[in-house]
Protein chains: 2
Amino acid sequence: MNEDTFSLVQKLLGITIDKSVKISFAESCTGGMIGSAITEIAGASASFLGSAVTYSDEAKMSILGVSADTIKQNGAVSAECAEEMANGARRIYNSDIAMSVTGIAGPDGGTDEKPVGTVWFGFSSCDKTSSFIRIFKGDRDKVREAALKQVIFFLLEELE
Amino acid sequence: MNEDTFSLVQKLLGITIDKSVKISFAESCTGGMIGSAITEIAGASASFLGSAVTYSDEAKMSILGVSADTIKQNGAVSAECAEEMANGARRIYNSDIAMSVTGIAGPDGGTDEKPVGTVWFGFSSCDKTSSFIRIFKGDRDKVREAALKQVIFFLLEELE
């Protein structure tokens, strides 16, 4: 993790601790990068409960409770799947808020409709469930790194 | 991830794909580093199903099925907990093998009996459940990086 990202993650962790907000994640294309980034900081356990890395569709369904219909009809890279993943993470970790990431990091797996770099993000709290899409440029590393940063930016905005 | 670790992870992934072995993980002190390292490699989904990052004791119990008695009697950094975590990961991801990591990355949390750098590893397959301990020197980053490498070394030896 570069210095910039480290500072942002540190800031986020500080805010969650100050506000006593417990957080969890559900990761697909980031594969554990979010959890890894947060736990690089000593004391992360004060607000970080965990992250369910669900790389296979089966794990998204069995562990996070994403419905088979959602994946069949919309694919794993979709608003619906991202929202169900976030809700699932919040439920299984019993956290206050949860965020999910599901996307196509490449180099394979892209289509005309969902090109490489397409990433859906889900957010879940007791008040609301929401999702948004970003299409990142660059190779696998760049897409994954951009997705990690997007999660941090979104949560900083949401919590500040 | 440095070049050396990347090569080792790439080698491990190649072997799991060649042998059609599906793998999963349960991570505590590594916080997602294992999943992150494996998914840095394109095509990881052919054998990597996911990784349950369970940073809190509650998540180890509710998600991985670690028993409350185990944590109460032995602590989360113990052979018993590592083995239950590995068994839990194999069960919830329905993988052929699973590995777990639970340790004290520091700088806080160490005791005379379990100093900073103490890490327990668990392994689970249909044939056996096992565990082993390593005590790594160095700061938080070094301990976590050493734990990641240990997982890769162990699995390479186990599968070759």
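Helix α1 (residues 3-18) of chain A packs against helix α6 (residues 140-159) of chain A at an angle of about 35°, with the two axes 10 Å apart; axes here are lines fitted to C-alpha atoms over the stretch in contact, and angles run from 0 to 180 degrees between N-to-C directions. This is a predicted model, in which local features need pLDDT of at least 70 and side-chain atom pairs count only at pLDDT 80 or more, whereas totals for chains, interfaces and linings use all residues. Residues are numbered from 1 along each chain as its sequence is written, and chains are lettered from A and ligands numbered from 1 in the order in which they are written.

**Helix packing in chain A**
- The crossing of α1(A) and α6(A) is left-handed, meaning that the near helix is turned anticlockwise from the far one by less than a right angle.
- Residues that make the contact (C-beta atoms, placed from the backbone, within 7 Å) include L8(A), L12(A) and I15(A) of α1(A) and I152(A), L155(A) and L159(A) of α6(A).

**Where the chains meet**
- In chain B, 30 residues are in contact with 29 residues of chain A.
- The largest share of the side of chain B that touches chain A comes from β2(B), which gives 7 residues.

**Strand pairing between chains**
- Strand β2 (residues 48-54) of chain A and β2(B) run antiparallel and are joined by 5 bridges, where pairing requires that DSSP finds at least two bridges between the strands.
- Within this pairing, T54(A) has G50(B) as its bridge partner in β2(B).
- Helices (H or I, at least four residues) and strands (E, at least two) are DSSP runs, numbered from the N terminus.

Definitions and conventions: Two residues are in contact if their C-beta atoms, placed from the backbone, lie within 7 Å.
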